[in-house]
Amino acid sequence: MRGYSKFRVLLFAMALGLAAYAGNLGHAAEDAAAPAAAGENGEPARGAKKGVFSIILSNIDGVFIVIAVLSVTGLSLIIQGFIKARASVIIPEYSTRQIREMIQSRQYRELIEFTEKDPSFVSQALHPALKRAPDFAQMKEAMETALGEQTADQFRRIEYLNIIGNLGPLLGLLGTVLGMIDSFQAMSEAGGQADPKVLAAGISKALAHTFLGLMLALPCLAAFGVLRTLIDRLTVQGSLIAEELLMMMKPAEVRAPSPAARPAPAVAAAPAAAAIPTATAIPTATAVKKG
């Protein structure tokens, strides 16, 4: 968990550095283009145009800062999501092969210790089931509960992308409303004779926030949809593998003879009772702790 936090902090710092670098490039480009766009008296030329990036950076306020922070957070969550939503991380082949070999060799004590330490999806689903041995019905119930918890935990990790993606348009709308309020307030203060330049500045601010909100929402929602599909496929595959491994530990059932081949009750009563197995090869959790 500590490494996971360090990785998130590193991504956050890298994203902030890229944002600062891009901001410096935008200001540098704007300063370089200013002399060429200026007139003879040092005033801006009438036909000079600003880029979208320059317009956005010229309207920095509280809404802009919130969207910027959420953008960096969303970027880090997207990178982490695609790194962790892989078969080699959720259901590694090494863990599955190791568990299968332990079951085939009946090394149940080592199997309990291995699944307790292994962070893979299959191990975390089988470990609670092994604690309920030798009752197979309770083992199956414990594994189903663990599978549900593990699946919910995988989806919970990417749910923040859905939240950020839904907040993006709302924050953009908030900035739009604030920009329109500034425009109409300027018109009111000018007695209805406001300079169109002032009104255009407010409308530009409003549209810049709308643009930022959409740019925040689109990548987050798209990544959330892709990651949800990947996690759903991998968790279903992991559940099937866990069920297959659990069935390998199921004790052999005694089949009742058919009525046509059943011998007389007086002759077969005693041997039939003696033939039913009463023990299982899987040790209980108490026996493992004592060992």
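Author: One term comes before the rest. A crossing is left-handed if the near helix is turned anticlockwise from the far one by less than a right angle, and right-handed if clockwise. Keep in mind that this is a predicted model.

Reader: Which hand is the crossing where helix 5 passes helix 6?

Author: Start with the geometry. Helix 5 and helix 6 pack at an angle of about 160°, with their axes 9 Å apart. Angles over 145 degrees count as roughly antiparallel, and therefore helix 5 and helix 6 are roughly antiparallel to each other. The hand of the crossing, as helix 5 passes helix 6, is left-handed.

Reader: Which residues of helix 6 make the contact with helix 5?

Author: Helix 5 brings Ser-95, Gln-98, Ile-99, Met-102 and Ile-103. The residues of this contact between helix 5 and helix 6 divide into six nonpolar, three polar and one charged. From helix 6 come Tyr-108, Glu-110, Leu-111, Phe-114 and Thr-115.

Reader: Within what arc do the buried residues of helix 6 fall?

Author: Helix 6 spans residues 108–117, and its buried residues are Tyr-108, Leu-111, Ile-112, Phe-114 and Thr-115. They line one face of the helix, because the view down the axis of helix 6 puts them within an arc of 165°.

Reader: How many of the 11 residues of helix 7 are buried?

Author: Helix 7 covers residues 121–131. Its buried residues are Phe-121, Val-122, Ser-123, Ala-125, Leu-126, His-127, Ala-129 and Leu-130. Helix 7 is largely enclosed by the rest of the structure, because the number buried is eight.

Reader: Which helices do the buried residues of helix 7 pack against?

Author: Contact means heavy atoms within 4.5 Å. By that test, the partners of the buried residues of helix 7 are helix 4 (87–90), helix 5 (93–104), helix 6, helix 8 (136–189) and helix 9 (196–248).

Reader: Are helix 5 and helix 9 roughly parallel or roughly antiparallel to each other?

Author: Their axes lie 10 Å apart, at an angle of about 10°. The contact is made by Thr-96, Ile-99, Arg-100, Ile-103 and Gln-104 of helix 5 and Ile-241, Glu-244, Leu-245 and Met-248 of helix 9. Angles under 35 degrees count as roughly parallel. Helix 5 and helix 9 are therefore roughly parallel.

How values were computed:
Residues numbered from 1 in each chain as written. Predicted model: local features only at pLDDT ≥ 70, side-chain atom pairs only at ≥ 80, totals over all residues. Heavy atoms only, no water. Buried < 20%, exposed > 50% of the residue type's maximum accessible area, 1.4 Å probe, protein only. Helix = DSSP H or I, 4+ residues; strand = E, 2+ residues; numbered from the N terminus. Arc of directions from axis to C-beta. Axes fitted to C-alpha atoms, helices over the stretch in contact; angles between N-to-C directions. Parallel < 35°, antiparallel > 145°, perpendicular 65-115°, else oblique. Nonpolar A, V, L, I, M, F, W, Y, C, P; charged D, E, K, R; others polar.
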